[in-house]
Amino acid sequence: MPVSASAIYFLNLRGDVLINRLYRDDVGGNMVDAFRLHIMQTKELGTCPVRQIGGCSFFYMRISNVYIVIVVSSNANVACAFKFVVEAVNLFKSYFGGAFDEDAIRNNFVLIYELLDEIMDFGYPQNLSPEMLKLYITQEGVRSPFSSKPTDKPVPNATLQVTGAVGWRREGLVYKKNEVFLDIVESVNLLMSSKGSVLRCDVTGKILMKCFLTGMPDLKLGLNDKIGLEKEAEIKSRPTKSGKTIELDDVTFHQCVNLTRFNSEKTVSFVPPDGEFELMKYRITEGVNLPFRVLPTIKELGRTRMEVNVKVKSVFGAKMFALGVVIKVPVPKQTAKTSVQVTSGRAKYNASMDCLMWKIRKFPGQTESTLSAEVELISTIAEKKSSTRPPIQMEFQVPMFTASGLRVRFLKVWEKSGYNTVEWVRYITKAGSYEIRC
């Protein structure tokens with residue numbers, strides 16, 4: 001169910017109404033008094049952003065020194081309401097030069113009323129794209145003296161942008177050099193037991209693009225996903241090519257992707273927005289290639305001494321390397337002194353985090369490094385309690401490596417003028433939650 005807002009209020013920190021807009025007549029004009037009395041004056045603003053008073057619900061968010069309150073009288077989608085607020089604030093900032101506070105609202109109240117009439121109709125959210133709204137709401141806001149100077153852009157055909165199928169890209173774009181940058185960024189989430197068995201492992205990834213293309217190009221992206229390859233082989237009536245294929249889970253696309261074509265042909269085709277955007281997100285739970293294996297060994301020698309040995313092996317290719325590797329090995333809080341030796345990088349005891357902090361600037365592939373430490377503990381009278389130790393945590397970044405095995409098979413750019421395009425593809429794997437129990 002959409003938002004179906006009855007009213008929206010902009011309040012300052014004192015509760016004074018800066019701007020309000022009533023979209024329906026199913027709520028009274030004194031609803032803001034109920035918000036001030038039951039929420040603001042009771043000091044419960046930080047507890048929950050959704051409150052019900054009487055038969056109405058209040059969704060509110062604080063941006064700078066302004067509260068934006070949406071009042072609904074029926075069941076509504078809360079996530080959609082907060083998404084509307086975030087997008088609306090970004091729209092206002094684009095008109096005000098990056099500022100959104102009480103002064104900006106007072107200086108631009110006429111423009112805000114005009115925008116509120118466009119971005120919400122009878123309580124239902126409408127178009128919130130700054131690029132499209134600026135085509136027919138050309139009034140400039142009063143900018144803060146600290147805001148950046150706006151760049152002059154040519155004004156294209158507003159009717160085509162508003163009613164056409166490609167509302168995220170304007171006409172008339174011209175570049176001397178046509179380039180497409182594509183980044184596949186993945187985060188590895190791992191939880192491994194002390195015996196080396198994987199308890200939880202998955203990869204969350206996203207495909208980021210930056211396009212500098214002339215005209216209105218049509219792009220087609222091919223990946224080594226299993227369903228896409230099988231569909232392509234079925235259409236071309238030929239056997240599926242051998243090689244590594246992956247199964248993508250929980251895929252979400254940017255609005256520019258042609259979903260009808262994807263459902264029928266399993267092909268990611270789209271007319272890209274100008275500049276940088278996120279093309280798609282995905283998740284993979286099967287066949288994950290772990291970039292590192294960690295083998296910890298911890299021995300307790302009496303009540304006041306410990307021996308810690310950690311071996312880290314890089315599993316990716318020998319020609320690759322990881323950057324910014326950080327291994328955090330937990331130690332007891334009553335640690336008094338440590339003696340650490342490492343085969344590469346640097347390590348030291350971090351008292352504030354109760355761990356041995358091991359940093360390796362560059363970790364080549366198909367190699368291993370070890371940490372050996374002697375830990376002296378403060379003797380305590382209290383009886384020793386058996387408790388599970390915190391896991392070892394890792395941070396890293398591996399360029400040109402994907403833990404999922406996802407690869408770009410092709411990236412085709414077609415435009416009726418037939419110009420040449422330079423494509424750049426990059427892979428990056430990072431550590432999300434990479435933990436090894438010890």
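**What the terms rest on**

Q: Why are S3 and strand S4 said to pair?
A: In this predicted model, strand S4 covers residues 56-63, and four bridges join S3 to S4, the two running antiparallel. Two strands pair if there are at least two bridges between them, so the four bridges found here are enough for S3 and S4 to be called paired. Among the residues involved is Gln 52, whose bridge partner in S4 is Ser 57.

Q: What makes strand S2 and strand S3 edge strands?
A: The five strands form an open sheet with antiparallel pairing, in the order S2-S1-S5-S4-S3. Strand S2 (17-22) and strand S3 (50-53) each pair on one side only, and this is what the word edge refers to. From one strand to the next, the twist averages 20°.

Q: How do you know that helix H1 packs on the sheet?
A: Helix H1, residues 31-40, touches strand S1 (7-12), S2, S3, S4 and strand S5 (66-72), and its direction makes about 70° with that of S4. Contact here means heavy atoms within 4.5 Å.

Q: Why is Val 110 called partly exposed?
A: The relative accessible area of Val 110 is 48%. Buried would require under 20% and exposed over 50%, so a value of 48% falls in between and Val 110 is partly exposed. Val 110 has its place in helix H4, and helix H4 (residues 109-119) lies across S1 and S2, at about 25° to S2. Together with Phe 109 and Tyr 113, Val 110 forms a nonpolar surface patch with about 270 Å² of accessible area.

Definitions and conventions
Residues are numbered from 1 along each chain as its sequence is written. This is a predicted model: local features need pLDDT of at least 70, side-chain atom pairs count only at pLDDT 80 or more; totals for chains, interfaces and linings use all residues. Side-chain values use heavy atoms; hydrogens and water are left out. Axes are lines fitted to C-alpha atoms, for helices over the stretch in contact, and angles run from 0 to 180 degrees between N-to-C directions. Patches are made of residues with over 30% relative accessible area and no salt bridge: like charges are joined within 9 Å, nonpolar side chains (Val, Leu, Ile, Met, Phe, Trp, Tyr) within 5 Å. Accessible areas come from the Shrake-Rupley method with a 1.4 Å probe; for residues, only the protein chains shown count as cover. A salt bridge is a side-chain nitrogen of Lys or Arg within 4 Å of a carboxyl oxygen of Asp or Glu. Buried means under 20% relative accessible area, exposed over 50%, partly exposed in between (1.4 Å probe, protein chains only).
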